[in-house]
Amino acid sequence: MSLTLSRISIFVIYFWFGFLKLIDASPANPLVESLLNKTLPFVSFSQFIIFLGIWEMVIGVLFLIPKLEKVAIIIFSLHTATTLMPLFLLPAIAWKSFFVPTLEGQYMIKNLITIALVVNIVTQAKYNNK
């Protein structure tokens, strides 16, 4: 049950947030644009946000398919590293003061929960396959 709930939770989070990016309704879009301008200024935001939205939706779907779990973990790891970047590269957006995150910073820090879910998926999947 824990494995199934973890998979569904990752799917809902990633698919939903990715879809919001595709329809230009994500409250994270300004943050994404700021990070993109800082790291890849030669990439068009309008094209990147579509790529990112689809990438997030794919992550969600892949976690529902046990045989594609390894691929999901790889692209999840890349995505997670990217979503934590603003904590270091955009401190004015992420932090009010030392150890006091802004709302955007809290949004980034909450990714620790998704990391825990993925660790649970990996652990449970290995346990169930033995």
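Which residues in α1 meet which residues in α8? The legends below start there.

This is a predicted model, where local features need pLDDT of at least 70, side-chain atom pairs count only at pLDDT 80 or more, and totals for chains, interfaces and linings use all residues. Residues are numbered from 1 along each chain as its sequence is written, and side-chain values use heavy atoms, with hydrogens and water left out.

**View A. Helix α1 against helix α8.** S2, L3, S6, R7, S9, I10, I13 and Y14 in α1 meet T114, L117, V118, N120, I121, Q124, A125 and N128 in α8. Contact means heavy atoms within 4.5 Å. By class, this contact has 8 nonpolar, 7 polar and 1 charged residues. Ala, Val, Leu, Ile, Met, Phe, Trp, Tyr, Cys and Pro count as nonpolar; Asp, Glu, Lys and Arg as charged; the others, Gly among them, as polar. The axes of α1 and α8 (residues 111–129) come within 9 Å and cross at roughly 145°. Axes are lines fitted to C-alpha atoms, for helices over the stretch in contact, with angles from 0 to 180 degrees between N-to-C directions. Helices are DSSP runs (H or I, at least four residues), numbered from the N terminus.

**View B. R7 in helix α1.** R7 belongs to α1 (residues 2–22). R7 is buried, at a relative accessible area of 8%. Buried means under 20% relative accessible area (1.4 Å probe, protein chains only). Beyond residues up to four places away in sequence, R7 touches F63, L64, P66, E69, I121 and A125.

**View C. The Y14 and F76 rings.** The model holds 8 aromatic pairs. Rings of Phe, Tyr and Trp (its six-membered ring) pair if their centres lie within 6.5 Å, and planes over 60 degrees apart count as edge-to-face. Y14 and F76 form an edge-to-face pair, 5.9 Å centre to centre, with 70° between the planes. The pair links distant parts of the chain: Y14 lies in α1 and F76 in helix α4 (residues 69–84), 62 residues apart. Y14 is buried, at 4% relative accessible area. F76 is also buried, at 4%. Ring pairs join Y14, F63 and F76 into a cluster.

**View D. L35 in helix α2.** L35 sits in α2 (residues 29–39). L35 is buried, at 9% relative accessible area. L35 and M85 are 50 residues apart along the chain, yet their C-alpha atoms are separated by 7.9 Å.

Conventions: Helix = DSSP H or I, 4+ residues; strand = E, 2+ residues; numbered from the N terminus. Buried < 20%, exposed > 50% of the residue type's maximum accessible area, 1.4 Å probe, protein only. Phe/Tyr/Trp six-rings, centres within 6.5 Å; stacked < 30°, edge-to-face > 60°.
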